[in-house]
Amino acid sequence: MATTRNRKKQTPVAGARRPEVRLPPLQAYGGGLEPDGDYDGLELAGLDLAGQSGEGARFLDCALRECGLDEARLSGARFLDSVLTGVRGVGTVLAGAQLRDVEMVDARLGGVQLHGAVLERVVVRGGKSDYLNLRSAKLRDVVFEGCVLSDLDFGGAVLERVEFVDCVLTGVDFSGARLKDVDLRGVQRLEIERGVESLAGAVISTAQLLDLAPVLAARLGVRVEE
């Protein structure tokens, strides 16, 4: 008699929807930032915007290339259907900002404040970011690809359909975060400092599970001895 085995079906991971940014012909812009400024169809290339104030500004169909954003104040700014390439910034303030249908390529960021920001259909490709504050942020359909991310703070954030591909993540804080369809299998090096108990809703590989075993055991109060 033939026998059948009941196997639990694996639930597929919903992949992130990537942005399809198609920029129109752009007009060169050589000015600075202004609060509530309206930037439409512009190319900002090689500009030093350090320390400037662009709170509440809107960037639509824009390209920012090789711009310096050290300590620039862009709280509540909106980046829509735009490309940011080679931008660099330390201490840039983007609290409450909105990034929708955005490609960010080879950015080098440090201590950037994105707490409370909303990222939707965003690809972050290449580059390096240290001490990135995404506390209480909302990320939906976001892909991190080929990035080096250290001391990444997702405390209290909401992540849905977020993928990490060929990335290095160290010092990550997921405390109080809510995850759904978050794919961590493509992370080459994964070090979670806090919030491992918030990983429900994430997918990891068997190798990553073994690497996280000491952290999980410590969180559960399990003592492992030979």
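Strands (E, at least two residues) are DSSP runs, numbered from the N terminus. In this predicted model, five such elements each contribute at least two residues to the lining of the largest cavity: strand E6 (78–85), strand E8 (98–105), strand E10 (118–125), strand E11 (128–130) and strand E13 (148–150). The largest share of this lining, three residues, is supplied by E10.

A search of the whole structure returned one cavity of 30 Å³ or more. The volume of the largest cavity is about 300 Å³. Its lining comprises 27 residues, of which Leu99, Met104, Leu109, Leu114 and Leu132 are the closest to the cavity centre. When the lining residues are sorted by class, 22 are nonpolar, four are polar and one is charged.

The surroundings of one residue, Leu169, were also examined. Leu169 is part of strand E14, which spans residues 158–173. Residues under 20% relative accessible area are classed as buried; Leu169 has a relative accessibility of 0% and therefore counts as buried. With neighbours within four places in sequence left aside, the contacts of Leu169 are Leu149, Phe164, Val187, Arg189, Leu190 and Glu191. Between Leu169 and Ala207, the separation is 38 residues in sequence, and the C-alpha to C-alpha distance is 15 Å.

Terms used:
Residues are numbered from 1 along each chain as its sequence is written. This is a predicted model: local features need pLDDT of at least 70, side-chain atom pairs count only at pLDDT 80 or more; totals for chains, interfaces and linings use all residues. Side-chain values use heavy atoms; hydrogens and water are left out. On a 1 Å grid over the protein atoms alone, a cavity is a set of points where a 1.4 Å probe fits but cannot get out, and a pocket is an open set with protein on both sides within 12 Å along at least five of seven lines; lining residues have an atom within 4 Å of a point. Grid points are joined across faces, edges and corners, and a volume is the space filled by probe spheres set on the points. Helices (H or I, at least four residues) and strands (E, at least two) are DSSP runs, numbered from the N terminus. Ala, Val, Leu, Ile, Met, Phe, Trp, Tyr, Cys and Pro count as nonpolar, Asp, Glu, Lys and Arg as charged, and the others, Gly among them, as polar. Buried means under 20% relative accessible area, exposed over 50%, partly exposed in between (1.4 Å probe, protein chains only). Contact means heavy atoms within 4.5 Å.
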